[in-house]
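Biologist: I am new to reading protein models. Could you walk me through one, feature by feature?

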Amino acid sequence: SASDLFTHLSSTCLQLSPTTTHIMYSTVVTPFLPAPLYSHLIRTFSTSPLTSLATVSNLQTFCYYNSSPLNFSPSSQPKSQSLLPLQTLTYAANILPLPSMLSGVVQTPDCVFYPLASPYDVDIDTPYDFAVASLLESNGLTAPNDFKDYVGYCHDSKIRRPLLLDCTVRDGGFTNGFRFSMEFVRDGYKAVSDAGFDYYE
């Protein structure tokens, strides 16, 4: 378990350096976290009154547990962008006091949760995760700003051009309760198709 690993790591560190007070634990399966960000995490922790730090990914999706919704009401379902994010541990970096690690504690109750932007939050656990990380790396998408010039452009032609999307029905539906006539939807589809749009939602 993670607790057993933390206990082993901390006892080994204590043998090597008896004056150790805190340990930063980082995994090799979060490959996109740059070295300067580790320094920033240490500074963030050192200026905080809390006793530990853990990196997290903000998950904004509709979640259930035991058939009950965790972060939304099915009777008034919001847009996914409006959901309160659930925080998932990435283990890209954890800073803990040595006594806590020795006892197998993974996070202290007053932990600083530090959200990572994508792709810094990529955590490789499965073959799918590995494939996604490999594709990101091979396309030069290894930092958050790399996506700004990638998303929204056509990459399968010799001419780089913006992709056009009309989301009148999907986003507009959140305003009028999705009360569109079939004729309106068909006319909208024809209009955006004639105008050369790539997608219609």
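Modeller: We will take the sheet, a residue, the salt bridges and the aromatic pairs in turn. This is a predicted model, so local features need pLDDT of at least 70, side-chain atom pairs count only at pLDDT 80 or more, and totals for chains, interfaces and linings use all residues. Residues are numbered from 1 along each chain as its sequence is written, and side-chain values use heavy atoms, with hydrogens and water left out.

Biologist: In what order do the strands of the open sheet lie?

Modeller: Strands of a sheet pair through backbone hydrogen bonds, either parallel or antiparallel. Helices (H or I, at least four residues) and strands (E, at least two) are DSSP runs, numbered from the N terminus, and two strands pair if DSSP finds at least two bridges between them. Here 4 strands make an open sheet with mixed pairing, in the order S1-S5-S2-S6. At the edges are S1 (22–25) and S6 (111–115), each pairing on one side only. From one strand to the next, the twist averages 30°.

Biologist: Over how many bridges do S2 and S5 pair?

Modeller: Strand S2 (residues 52–59) and strand S5 (residues 86–97) are antiparallel partners over 6 bridges. For example, leucine 53 has isoleucine 95 in S5 as its bridge partner.

Biologist: Which strands does helix H2 touch?

Modeller: Contact means heavy atoms within 4.5 Å. Angles run from 0 to 180 degrees between N-to-C directions, with axes fitted to C-alpha atoms, for helices over the stretch in contact. Helix H2 (residues 35–46) packs on the sheet and touches S1, S2, S5 and S6, its direction making about 75° with that of S5. Helix H1 (residues 2–16) lies across S1 and S5, at about 125° to S1.

Biologist: Is threonine 90 buried or exposed?

Modeller: Buried means under 20% relative accessible area, exposed over 50%, and partly exposed in between (1.4 Å probe, protein chains only). Threonine 90, found in strand S5, counts as buried because its relative accessible area is 1%. Leaving aside neighbours within four places in sequence, its contacts include Thr55, Val56 and Asp121.

Biologist: How many salt bridges are there?

Modeller: Side chains of opposite charge can pair when their charged atoms come close. The rule asks for a side-chain nitrogen of Lys or Arg within 4 Å of a carboxyl oxygen of Asp or Glu. By this rule there are 3. Arginine 170 bridges to aspartate 171, with closest N and O atoms 3.7 Å apart, and to glutamate 201, at 2.6 Å. Arginine 170 is in helix H5 (residues 168–176) and glutamate 201 in the segment after strand S8 (199–200), so this pair links distant parts of the chain, 31 residues apart. Arg170, Asp171 and Glu201 are linked in a network of salt bridges. Lysine 190 pairs with aspartate 194 at 2.9 Å; both lie in helix H6 (residues 182–194), 4 residues apart, about one turn of the helix.

Biologist: How many aromatic pairs does the structure hold?

Modeller: Rings of Phe, Tyr and Trp (its six-membered ring) pair if their centres lie within 6.5 Å; planes under 30 degrees apart are stacked, over 60 edge-to-face, and the rest tilted. The structure holds 4 such pairs. Phenylalanine 62 and phenylalanine 72 have ring centres 5.0 Å apart and planes at 80°, so they are edge-to-face. Phenylalanine 62 is partly exposed at 31% relative accessibility, whereas phenylalanine 72 is buried at 12%. Phenylalanine 180 and phenylalanine 184 are stacked, with centres 5.2 Å apart and planes at 15°.
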